[in-house]
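Dear colleague,

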Amino acid sequence: ADCSARCFWAMAAASRGRLAPLLAGGALAVGGGALLGRELTRELPEPCLVVKEYLADPALEAQLGFAVAPWSLRLWHGQVDDRFARVTVPLFEVFAPLPAVAPFLRWARKRSEVHAA
């Protein structure tokens, strides 16, 4: 009865079979965060830089009908070699679903893709 909440959670986590998943989940979260940080700070390959220049053009933005989220270029995938490149860049739009009620709330949705070779 005199055991505090801290003691209770420590005993619950250390009980049989519960500590290993807790440690594994923590390790995966830290590892995933490290990989995410590395990917977000890595330099974009040359084909993605070309796509970035085209997407920065206001005329293209007017044709698309939405402003492309700048972080969507980081989600590129494809093949880049010295002689050949084929990349796909998903284009996301960030918008406010409830601008009158909660203008601070932002949501991202995929609007299109750019295939470049």
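The lining of the largest cavity consists, by class, of three nonpolar, no polar and four charged residues, where Ala, Val, Leu, Ile, Met, Phe, Trp, Tyr, Cys and Pro count as nonpolar, Asp, Glu, Lys and Arg as charged, and the others, Gly among them, as polar. Please keep in mind that this is a predicted model, in which local features need pLDDT of at least 70 and side-chain atom pairs count only at pLDDT 80 or more, while totals for chains, interfaces and linings use all residues. Residues are numbered from 1 along each chain as its sequence is written, and side-chain values use heavy atoms, with hydrogens and water left out.

The residues that line the largest cavity are E39, R42, E43, L44, P45, R74 and W76, and its volume is about 50 Å³. A cavity here is a set of points, on a 1 Å grid over the protein atoms alone, where a 1.4 Å probe fits but cannot get out, and lining residues have an atom within 4 Å of a point. Grid points are joined across faces, edges and corners, and the volume is the space filled by probe spheres set on the points.

The chain has four helices and three strands, which follow the pattern α-α-α-α-β-β-β along the sequence; helices (H or I, at least four residues) and strands (E, at least two) are DSSP runs, numbered from the N terminus. Buried residues make up 16% of the 117 residues in the chain, with buried meaning under 20% relative accessible area, exposed over 50% and partly exposed in between, for a 1.4 Å probe and protein chains only.

Which residues of helix α3 are buried? In α3, which covers residues 46-55, they are C48, V51 and L55. Seen down the axis of α3, these buried residues fall within an arc of 55 degrees, so they line one face of the helix; the arc is that of the directions from the helix axis to the C-beta atoms. The face turned away from that buried side carries the exposed residues E46, E53 and Y54.

In the loop between α3 and α4 (58-64) you will find A56, which is exposed, with a relative accessible area of 59%. P97, in the loop between β2 (85-95) and β3 (107-116), is partly exposed at 36%.

With best wishes

Key
1 Å grid on protein atoms, 1.4 Å probe; cavity = no way out; pocket = protein on both sides within 12 Å on 5 of 7 lines; lining within 4 Å.
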